[in-house]
Amino acid sequence: MRHVYGWSVLADKAAAVTLTIAITALALIGVSKASAGQMFTQDVTPLYAAAQGSGGIGSLSPGTAVMPSGTPQAAHARSEVVVEGWSIQGADAVLYSAVGRRIVLATLETAAPQETLIAEQRDDYGTVWRHVRLVGWVDATHLVPDAASVWSSAQKLYAARCSACHALHAPAEFTANQWPGILRTMVRNAALDPEQTALVTRYLQEHARAQ
Amino acid sequence: MNVRRPLSRRALIAGGAALGGGLLLHPDLARAVLPAAPGGNPLIGTTTPTATHWGMVEATVQGGRFVRAAPFSGDAHPTAMIEAFADSVYAKSRVQYPSVRKSFLKSGAAAGGEGRGREEFVRVGWDEALDLVAGELKRVRAAHGNASIFPGSADWQSAGLLHSASALVRRMLGLFGGFTDCTGDPSIAAAMVILPHILGDLEVYDQQTAWPVIQEHTELLVLWGVDPLKDNQIGTHPADHYAYGAIERFREKVRAGRARVIAIDPRRTDTAVYLGAQWVAPRPNTDTALMLGMAHVLYDEGRYDKQFIEKYTVGFDRIAAYLTGKSDGVPKSPAWAAAVTGLDANVIRDLARRMAQSRSMLMSGYAVQRADHGEQPYWMLVTLASLLGQIGLPGGGFGVSYHYDNGGSPTAAAPDVAGISAGENPVKSVLPFERVAEMLLHPGQHVAYNGTIITYPDVHLIYWAGGNPLTHLWQTNKVVEAWRRPETIIVQDPFWTATAKFADIVLPATTTFERNDIEVCGAYSHEYIVAMRKVIEPLFESRNDIDILTGVAKRLGFEHAFTEGKSEMDWIRSFYATTLKQAAGMKIEMPAFDAFWEQGRVAFPVPEAAKGYTSHADFRENPALHPLGTPSGRIELYSKIIEGYHYDDCPPHATWLEPVEWLGSARAKQYPLHLLSPHPRYRLHSQLGNTWIREWYEVNEREPMWLNVDDARERGIANGDVVRVFNERGEVLAGALVTDRVRRGVVVLHEGAWYDPEVPERDGSLCKHGLVNVLTLDKGSSQLAQANIANTTLVEVKKYEQALPPVTAFDPPAISNRRA
């Protein structure tokens, strides 16, 4: 299991640390939110080790930014993508969006064949974060050119399922770190399947309060 | 123990007739037809499965009349309260037809709010009532905007995932362009804000370590301000009553000498008595100080778990400096804690040592956080549990929801049922539930809340469906003052609650038994999906909430968006269809809808793994892989986020802060008794108060008040006396229940007695019946949570020597026929 990072954090106006990471990312791989060719996963997206074969290495969360890195193949074929993010030392199966901001971009079951350690950083609490870039393959049908459509469908689902028992909570009521635990608790009343839960969680995290 | 001097049935009936006049129609007369007797014989009943907050029931109808509810046969521990359901449905306090306050009908909003709760009502037809409601909504929106409309309701009125009045009224108002909403939950308002900061999660709604794990591993059970036997009778979803069997089994373990129970509580609760607990009774609101004293012992004697602290928490050095007094010059020693709590220092040492020596489960409830600085006892509970180092171990750590919804009842492998959605609210202004009265009284005022600043909107119209804020909000006389300010108040309810009596337009809603619905039984266990089949036709002129709101939506031009073209049964089928889809994904077999509806319920098996669930076990196993949702990913004994808020009433680590009122304060000289207002044993808040069930507990027709034997003797009060309970915020009558089950200096008046002002014409009138919130203080716990502080109240009590005024809380108001 392992890691990842999404360019979606570049859209975030929040913490200075995010900005630092954004600048780092720009410098390192020369892409930005506006950069042509960037795509977003619209649902939980299996990640493969190669263009063909069943070699699954994990999955990307809905709304994760990826940069197709190879020549696009036929419509329904797999695309080679670059994904980048931060993992916590001792738990490299999960790739988060930024240091201290645990928006899951990817969960990995096995190490990606192409994985590069870019940097390491220690946070305010002594936790060591590893900045990682990896290359994998996804089915192109999972990718959309902008994140807005992903958030729009997540928002509709959230409003429909999470306003029955209580007033709908604004995404900005909790932080990106708090939302997954809150969803885990509340989801048992919402008839959301794991895929839908992942989508709603990511939506809430991306629109969460900074602190 | 209980003192019962109820009125005779005959007296009640006579009184009702005298007060209600000729306006109380028999339901059959209202319908103008006699219902057909099922099977031709009125004595042979039919039974229908349905469900309530009290659990699943079988409702029997004889001769067209709902006569009794029997518990579902699979419920081993049904609550006796279900016996009163039929009486509730036919209660004389039912709202029978749409009614409008007299001067409001004449002059509309120009009538002003002074007549609320005082004037008589006029009976109107449904069309006229709905035209009036729609007209007021349009008028207020045009004049003041959508943010001036406020639904407020949190709705415990009825179980059922379709007929949820609070969701439905929000759905309608959302389509109308939005409204000002509330956030949070009055039960746990402080916890909901502080716990995400320190544990990254709500925790209060989380599944608890399963009871079978407690049974197997827990050696020392600490009940800290919690009474699971009383509070698990009811549930947000129909209660499964699992806790009763679990506690019964745990008593066997206690009796076999394999476990001990300590109850830390100013009351000796039902659960404490049942389990034979050692009773430790600190002064109310001093829980944080007591826990600090215990933490001091653990630290001072080196009994705390250093590895746990290091691996799973942050900020311990700051707590340690506070415990020793290095940071503030005051060591939080057992002697210090003894002076604050009124306990013996040796008791405090002993508690700490025994908890450290045993596998200890610290079970707390919501009561300790419904207090001034209510954030602190929960933060300190987690801090103490961290020092003990048993969080994530089977049977150890802490739990805060064993009294709520049968927490710890293992979760079945089951799909969910999603109910009617309120949808999105285009208006984004929200405020904590607790601040309703302040909002109405001080529009435009800025208030700190959890790192943000809230501005109170200027509310001009209240539309409350399925709730009773005049009972549940704090400091009733202030609430009544606030309630006079809006231009228009619309209330939709089956009963003439205080809230309905203080409204302008009252719309009669059906009860649970008059409509079809669907539910999940067991909020934590999800053990059943249950059909709630209509038992009887709607009584009088009452309509389902959804139908009332459809009528409003039609007049406002969005009927179809509101109904989506679905009938009651269409909705229920659509919910079930979503459930079937989810079940298929989970490889769970379920009957088709018609078969489900016919058989009444579907049961789901509880996997063995669920019976072994231990809270926070994954975090303990690998905190890097399963981080908490805090900034550090660990338990935050010190919060840099809260530090950044700079709140003097919520410092960045668990801290003892004196409550605004407590037995150690100067105010206690004038008002020497600390008043607690726990949940009642024989009501759901104020629900069922309007039935004969009152005869089980009332004292001289008043809400009973627990009063310590010595406090009673000092005041010349005997068991069964009616007493006046008062402070500068108000006064109520209550029936003295003199007992050794409450600590000296503490009185207990359970919440939810129906409000009954003696002289409605006068503001601040005495409540003849014993509504505790007349006495409570409407103040926020701190700038962090702005939670209610119901349990921070001082009072004095005197024997009431005057003639007893009759209780009129359950009488409908005077209602005239316009043509009369």
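**Chatting about chains A and B**

Tutor: In this predicted model, the centres of domain 1 of chain B and domain 2 of chain B, taken over C-alpha atoms, are separated by 27 Å; the domain bounds come from an automatic or database domain assignment. Residues are numbered from 1 along each chain as its sequence is written, and chains are lettered from A in the order in which they are written.

Student: How many residues does each of those two domains give to the contact?

Tutor: Domain 1 of chain B gives 37 residues and domain 2 of chain B gives 36 residues. Two residues are in contact if their C-beta atoms, placed from the backbone, lie within 7 Å.

Student: Which element gives the most on the domain 1 side?

Tutor: E30(B), with three residues. Strands are DSSP runs of E with at least two residues, and helices are runs of H or I with at least four, numbered from the N terminus.

Student: New topic! How many residues of chain A and chain B are in their contact?

Tutor: Chain A brings 32 residues and chain B brings 43 residues.

Student: And which elements of chain A give two or more residues there?

Tutor: Strand E6 (91-98), helix H2 (148-161) and helix H3 (179-186) of chain A. H3(A) gives the most, with five residues.

Student: What is the secondary structure of chain A?

Tutor: Chain A has four helices and ten strands.

Student: How much of chain A is buried?

Tutor: Buried residues make up 49% of its 211 residues. Buried here means that 20 or more other C-beta atoms, placed from the backbone, lie within 10 Å of the residue's own.

Key. Predicted model: local features only at pLDDT ≥ 70, side-chain atom pairs only at ≥ 80, totals over all residues. Buried ≥ 20, exposed ≤ 12 C-beta atoms within 10 Å, placed from the backbone.
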